[in-house]
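Biologist: Please show me the protein, and let us then work through its architecture by question and answer.

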Amino acid sequence: MRFEVLGPVRAWRDGHEVQLGKPQHRALLGLLLVAGGRPVALAELIDALWGDEPPDTAVNGIHRIVGILRRVLEPQLAPREAGRRLTRAAGGYRIAVAADELDLLRFRALTAETTVGSLVTALGLWRGPALAGLPQRIREHPAVAAVEREYQQAARLAADLALSTGDAGQVLGVLRQAADRYPLDEALQARLMLLLAALDRRADALEIHRQVTGRLADELGVDPGAELRAAHRQVLGTGPDQAEPVDRPAQLPRDLAVFVGRQEELAGALALYRPPADAVTPVVISAIGGMAGIGKTTLAVHWAHRVAHLFPDGQLYLNLRGFDPAERVMDPGDALTRILDALGVPATRIPAGREAKAALFRSRMRGRRMLVLLDNARDEQQVRDLLPASPGCLVIVTSRNSLAGLVASEGAVAVTLDVLAEPDARAFLTRRLGPPRIEREPAAVDEIITFCAGLPLALAIVAAKAALGPQQPLAEVAAALHAARGLDALTATDVTVNARAVFSWSYAALTPTTARLFRLLAVHPGPDVTAGAAAAIAGITTERARAALDELAHGNLITEHVPGRYQSHDLLRAYAAELLDEGTGDEETGARRRMLDHYLHSGVAAKLAVMPYATPVTLGAPADGARPVAHTGPDTAMAWLHAERWVLIAAAEAASRHRFDEHVWRLTWTMSPLNQHVEIEIRMLETSLVSAERLGDQLVIARLCDGLATMSLRADRMDQAERYGLRSLEIAKSLGDEAAQFRVQVTLCQVYQDQEKLDRLLEAGRQAVTLALSMGDTAAESIGRRALAWGHAQAGDYPQSLHECAKVLAIAEVEGPSVSYAAALDTIGYCHLQQGDPGAAVTYFQDSLAAAQAIGHIRGVEPLVRHHLGDAHLAAGDVTAARQVWEQALEIADELDVSTARKIRAKLAALP
């Protein structure tokens, strides 16, 4: 048969359309088809067909409709025969449908190929909204809405690929249809504009913008968002051949408009990339003698902007903080996490372990032409895993060290910078102060150049000060330099002292409010700060903070690297810290407390907006002037958490260093909606545990140890998981907290399973069941009995294992399917496999996957069950099927279950 759901629900047999009957019949069939062969629970079908007030006969009504559909789909069935097409499964029903029988499955297969042609073909399968013609309640079902989102995503991807390959004409028709179906989808409308512009139809593109802007204002009362505005600017400012998709990474910092000098170095750098090239080596820009402020980043950014057009897949930028005085050097694993995040990899799909992340990064970069700028590297080891293997990529690395090892082993080209020669230094000042002013006082200019010793950072600060007083003679500027306290240190060989001297002169020119903010920003842990956070640090209004930040940016003491977010050069931060040390300790402590309160209270409010069901933490009143952010809803709260995620991590670590222990674990608590990488989670929990131990808060210590046990399991650190689990259990017992004891016993079951400590596994399972019964919690009992069943199966006691599984299934009959129910089916399959019946085992494993899919927990269960399913196929002699399911399992296990991934890899390696 052949089915369609990408439009009205229709079915064909032998080339003739089958009449499906009433809307309710087509609705039920449509919901089963949208599930793509997965079971749909009976309760879900009732809710979809009748809403909040189903009749008492709803269950019988579903059975009756199923019976009618069975006869329609399989007319040869005898009375009361169940048939093979529409069957009972996991407390509901599912329809057996092959990939070539359903337009939705063909659509997914085509979109998985991710070529322009396959995506156009896939989008052409749509004949309207999914399940068109059925009641709105059916079309708004989450599964149907998800299919609609797949359509929108495929349309966006098709446009992006077409724009990057020059195939705009091939995609325009299907994208226009998608844009017409979703007139308020700004992402689709923006891409339609870019496609039209690429086809030299700018007037049509601008008309689309006018229409969408009007609809947004009339129907939603809002202005166009950032993506539509960016597309509008691009259509206005670029030709058709320059139109680009707006969602590729474009992370390069702003190029310096007054870049001068370095012509020889720049010419050599530009000559390094000659597309098309078979391979491109990474390039190192290093400063001689480790000198800071020499202009490494300035040259690298300028160079990157000059060649960015040669890399159609975008640009990545990362500050590796190799010599940051206030922050730890960025670990290569953390750097890979950030790069993968920029490449669009969800946090839950980033694997644990540096090698796995590096492999995923290289895979993601395969076939791409991208520019990667790695700024401020510490050494070769920090950089090696960040180098893509794909030909056509250019990597620019800046460092105070020469990175000779990278030159020797990776074929990098070193571009070593010295201080600016006198002509370049003069040109530098001329671009900033204007030719007339420079030509009028050549002697004073010579004095300034000599004083700054060719250091670009020093020249920039002096020029900024001179620009503030355009009528001031440059001779007075030079005299002020010589008169400034401590500036005679410029004659020393330590250029760090030179920069400090120039900083002191620039700092003295600041207004009192700005000077105070500059000092106090030293308490901020980075990597960047907003005006709101700066206001909290200084205890001033956001408006005054923003004005002060603008003054600092004007004087080159801080940089607005993205709109609304400011960061400072590491030497400037070190200088600010020195100034702060000269003041009172009370001023520093007050600023740090206001900063931490700002992030803590803002973070707690954000988490509760995103997760209103979470148990709130106890907070005192924020310090005066902390100014927490008021979130307007869950979307803005989540956006704030994402924007501040690296700052929140740094703030928690800073709170621990400075003994603000009450803040540390609470800041970690606020970050749970971000679903961060397992290694970051462990680091934050360990930092929180140190602070909780100093506080002596046993309840918090128990919770943190439980969290560390769980995360250590995910990271395949079993001994560590056991230590944390036992410690949490000991504290939970001393506090009499049965729920906490139960959670830890279940965690320990997983630990002992992986350690093959069967006696301990069985004892932990028995304890979990006893605690669940004591609490009267049937859901907990199901979890505990499933863990105990698995322990018996591992011990070879299959009858007792099946006995415990039967109790889990009995609970599911009353309470409904759960993760434990799906896991029990897996355990039953395992018992059959071990007893020599791989055929029965395959059936149970497949039922386990279907049950997990039906309740929305497939990702958590799938790696282990597919692992076992592969074992069953292999036992049945089907090596090809075993390899296939193991490879499918590995895709998910690498992200979620490192232990299972390790075992599967070993089995795949052993296959013939």
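Modeller: Before the sheets are discussed, one term is needed: two strands pair if DSSP finds at least two bridges between them. Please note also that this is a predicted model.

Biologist: In what order do the strands S4, S5 and S6 stand in their open sheet?

Modeller: Two bridges join S4 to S6, and these strands run antiparallel. S5 and S6 (residues 92-95) also pair in the antiparallel sense, over four bridges. S4 (40-41) and S5 (86-89) stand at the edges with a single partner strand each, so one side of each is left without a neighbour in the sheet. The order is therefore S4-S6-S5.

Biologist: Which residue of S6 is the bridge partner of threonine 87?

Modeller: Several pairs of residues can be named in this sheet. Alanine 41 stands opposite glycine 92 in S6, and arginine 88 stands opposite tyrosine 93 in S6. For threonine 87, the bridge partner in S6 is arginine 94.

Biologist: At about what angle does helix H1 run to S6?

Modeller: Helix H1 comprises residues 23-34 and lies across S4, S5 and S6. Helix H3 (residues 58-73) packs on the sheet as well, touching S5 and S6, and its direction makes about 140° with that of S5. For H1 the angle to S6 is about 75°.

Biologist: Is aspartate 14 buried or exposed?

Modeller: Aspartate 14 is found in the loop between strand S2 (10-13) and strand S3 (16-18). Its phi is positive, about 55°, although aspartate 14 is not a glycine. A residue counts as exposed over 50% relative accessible area. Because aspartate 14 has 71% relative accessibility, the residue counts as exposed.

Biologist: What relative accessibility does glutamate 756 have?

Modeller: Glutamate 756 lies in the loop between helix H35 (738-755) and helix H36 (758-775). This residue, too, is not a glycine, and yet glutamate 756 has a positive phi of about 60°. Glutamate 756 counts as exposed, its relative accessibility being 67%.

Biologist: Are helices H32 and H33 roughly parallel or antiparallel?

Modeller: Helix H32 (residues 678-695) and helix H33 (residues 698-714) pack with their axes 9 Å apart, at an angle of about 155°. Angles over 145 degrees count as roughly antiparallel. The angle therefore makes H32, relative to H33, roughly antiparallel.

Biologist: How many nonpolar residues are in the contact of H32 with H33?

Modeller: H32 passes H33 in a left-handed crossing. The contact includes Ile682, Leu685 and Leu689 of H32, and Ile701, Leu704 and Leu708 of H33. Of the residues in this contact, three are polar and four are charged. The nonpolar residues number eleven.

Biologist: How far apart in space are proline 634 and alanine 609, C-alpha to C-alpha?

Modeller: Proline 634 is in helix H29 (residues 634-643), and is partly exposed, with a relative accessible area of 46%. Leaving aside residues up to four places away in sequence, proline 634 touches Ala609 and Val610. Proline 634 and alanine 609 are 25 residues apart in sequence, while their C-alpha distance is 4.9 Å.

Biologist: Is the peptide bond from glycine 526 to proline 527 cis or trans?

Modeller: Proline 527 is found in the loop between helix H24 (512-520) and helix H25 (531-538). The bond from glycine 526 to proline 527 has omega near 10°. This peptide bond is cis.

Biologist: What percentage of the residues of the protein count as buried?

Modeller: The protein has 43 helices and 13 strands. Among contacts between residues at least 6 apart in sequence, 67% join residues at least 24 apart. Of the 912 residues of the protein, the share that counts as buried is 52%.

Conventions:
Residues numbered from 1 in each chain as written. Predicted model: local features only at pLDDT ≥ 70, side-chain atom pairs only at ≥ 80, totals over all residues. Heavy atoms only, no water. Axes fitted to C-alpha atoms, helices over the stretch in contact; angles between N-to-C directions. Parallel < 35°, antiparallel > 145°, perpendicular 65-115°, else oblique. Left-handed = near helix turned anticlockwise from the far one by under 90°. Contact = heavy atoms within 4.5 Å. Nonpolar A, V, L, I, M, F, W, Y, C, P; charged D, E, K, R; others polar. Buried < 20%, exposed > 50% of the residue type's maximum accessible area, 1.4 Å probe, protein only.
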